[in-house]
Amino acid sequence: MRESQRHRRGTLIRPDSGDSRVTRTNSAGYFTFSFVPASEYTLAIDATGFQQWKRSGIVISPGDKRDAGSIVLQIAGRPHSVTVSAQS
């Protein structure tokens, strides 16, 4: 399994109650959440070395099978700092 796939974590968050479910991708990069109550959710994807990906307003109904589409994670940047000094 590639390093980037091993560390992908999907979190399904129900904003109205604060409930969340966490899963990890399989070797092909897919993830599944089972027995999800009907409601509106936010999906967050996390992977080591990448910025978090998030989509809100996902409405789930009983029996739904959803495809989140192709999710592209952006490489996380390193924090930068600039020091400015002046002499008078």
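Student: Why is the contact between Arg14 and Asp16 called a salt bridge?
Tutor: The closest N and O atoms of Arg14 and Asp16 are 3.0 Å apart. A salt bridge is a side-chain nitrogen of Lys or Arg within 4 Å of a carboxyl oxygen of Asp or Glu, so the pair Arg14 and Asp16 qualifies. Keep in mind that this is a predicted model, where local features need pLDDT of at least 70, side-chain atom pairs count only at pLDDT 80 or more, and totals for chains, interfaces and linings use all residues. Residues are numbered from 1 along each chain as its sequence is written, and side-chain values use heavy atoms, with hydrogens and water left out.

Student: What makes Asp16 exposed?
Tutor: Its relative accessibility is 59%. Exposed means over 50% relative accessible area, buried under 20%, and partly exposed in between (1.4 Å probe, protein chains only), so Asp16 counts as exposed.

Student: Which other salt bridges are there?
Tutor: The count comes to three. Arg66 meets Asp64 at 3.5 Å, N to O; Arg66 is exposed at 52%, whereas Asp64 is partly exposed at 35%. Arg9 joins Asp46, with the closest N and O atoms 3.4 Å apart. That pair links distant parts of the chain, with Arg9 in strand E1 and Asp46 in strand E3, 37 residues apart. Strands here are DSSP runs (E, at least two residues), numbered from the N terminus.

Student: How do you know that E1 and E3 pair?
Tutor: Two strands pair if DSSP finds at least two bridges between them. Five bridges join E1 (residues 9-14) to E3, and the strands run antiparallel, with Gly10 opposite Ile45. E3 and E4 also run antiparallel, joined by six bridges; there Ala44 stands opposite Lys54.

Student: What makes E3 mostly covered?
Tutor: Seven of its eight residues are buried.

Methods
Helix = DSSP H or I, 4+ residues; strand = E, 2+ residues; numbered from the N terminus.
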